[in-house]
Amino acid sequence: MGTQRIFGRTLLLSVLVCALAVSTSIPAKAQQPVSNDIRDAVVGAVTAFKGAAPRYGTFINVIAVDRQNQWAYGTIALLTPKNQDAQNGSEELPEGFIWLARRIGMNWEVAFEYTPTFLDWAAIAPSEVLDSNARSLFLSARVQPQTASYDNMTIQAAGDPGGNLALPWWPGQAWNFRGGPHGWSGSARPWSSLDFSGGDGKVLAARSGQAYRMCGNTTWIRVVHADGWATDYYHLINLAVGNNVPVNYLQYLGDIGTAVDCGGSASSAHVHFAIRLNGSYIEWNGREIGGWTIYEGSSAYQGKAERSFVGGNTVVNVNSTIYNIGVQYQAHVQNIGWQPAQANGGTAGTVGQNLRMEAINISLLKPPGTPGNVDICYEAHVQNIGWQGERCNAQTAGTIGQSLRIEAIKIRLVNPPNRASVCYRAYVEGIGWQPWYCDNVVVGTTGQGRRLEALQILIMPASLP
């Protein structure tokens, strides 16, 4: 095997890997057969990186190797025993790392996510190994302020209308806050993880990024976001995204479950949801998600979530439900009439058919626990009429039977909870999709005679920066 030079730490050592159990997945993207040299180098590197050999074996996923066999890219999970007792703090979940490998001379050298050498290599690795989306996400960690403050977590990508993390389920539902802040592995610090269950069981990406299957075809998704941030989703079943693929804000990842294929335990179906910064798990205490501020309790798995609103404050303790406000809307379209209702970013109207939107109604999806005084209001600018005056809560804006186009619209929340915004974008004749705007900013056009053809609307956890 020889000597391995491990980047990100000044370590030199020889490692024996023949006794380690190594499971390797090789997707079709790989351009060359994956040699044992790459696998051995990755296991050797993680042994040096952690200061000890993996005790229960590893799962190595080689995502890509370039045609010249000089670069490789993938993930490694350090397996742990299954079906332990999480509630007494003894649970041990697997650790996982994204890696880049480069052949220098006769040896493969390995660097792990967010180490200086990894970022150096991410800048020059061939595109057949590291695609443009993953490259830009990793490299954004270099140019952004790196702190553990949630306020600096302005994760955005093309077409992503958000600033901060969203709750990982569909707006319009309330889920059970099953476990307050606790460690990725039980009670160990940092308390980076929360447990959620209930609703329709469908787990969504809390922010756009690049998704990785850390444990093969089940159990564990990691989404790498911009600025050094990442979110982990464990115990999933029915994974709905591939490996090393871009994902959008609120994209469906899989279902809550009890899967522990790489280790750990789960007594009932839930998602074990964690946050990471620069390759390490970080504390939840005092941070926000979906407008809720999370506070730890006196012990792991305890704690509460708080959210203020006009006229009051909502406190949700562990084993109570957290609401996630959604939005529903329905368009009346030229030659079609009323379309089926859309919700939470779905497209109302038409794209590419040159049909005018003539009317729209908008309402909030308010799950149990939502303050009763939260409403939504909107105003349309209509051909030959101008601004009509504000409508609220499913009232019809625009006209029906008059063949008049809506040209612009603005939307606002009334008495919104803390850090809740309504964001929206319009598809406009001769322009296409406009950028996302929020909170009573006009989308569409006025004075140009252009029809508004389609609209997408979301309730976001924070205003656009």
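**Salt bridges in the model**

Tutor: Start with Arg412 and Glu390, whose side chains meet in a salt bridge at 2.8 Å, N to O. Bear in mind that the model is predicted.

Student: Where do Arg412 and Glu390 sit in the chain?

Tutor: Arg412 is in strand S32 (residues 406-414). Glu390 is in the loop between strand S29 (386-387) and strand S30 (391-392). The two are 22 residues apart, and the pair links distant parts of the chain.

Student: How exposed is Arg412, and what about Glu390?

Tutor: Arg412 is partly exposed, with a relative accessible area of 29%. Glu390 is partly exposed too, at 37%.

Student: How many salt bridges does the count come to?

Tutor: The count comes to 18. One of them is between Lys50 and Glu95, with the closest N and O atoms 2.8 Å apart.

Student: What does the pair of Lys50 and Glu95 tie together?

Tutor: Lys50 lies in helix H1 (residues 36-50) and Glu95 in strand S6 (residues 95-104), so their pair ties together parts that are 45 residues apart in sequence.

Student: And what is the relative accessibility of Lys50 and of Glu95?

Tutor: Lys50 has 39% and counts as partly exposed. Glu95 has 30%, and partly exposed is the class for Glu95 as well.

Student: Different spot. What do the side chains of Lys304 and Glu306 meet in?

Tutor: A salt bridge, at 2.9 Å from N to O. Lys304 is partly exposed, at 29% relative accessibility.

Note on methods. Residues are numbered from 1 along each chain as its sequence is written. This is a predicted model: local features need pLDDT of at least 70, side-chain atom pairs count only at pLDDT 80 or more; totals for chains, interfaces and linings use all residues. Side-chain values use heavy atoms; hydrogens and water are left out. A salt bridge is a side-chain nitrogen of Lys or Arg within 4 Å of a carboxyl oxygen of Asp or Glu. Helices (H or I, at least four residues) and strands (E, at least two) are DSSP runs, numbered from the N terminus. Buried means under 20% relative accessible area, exposed over 50%, partly exposed in between (1.4 Å probe, protein chains only).
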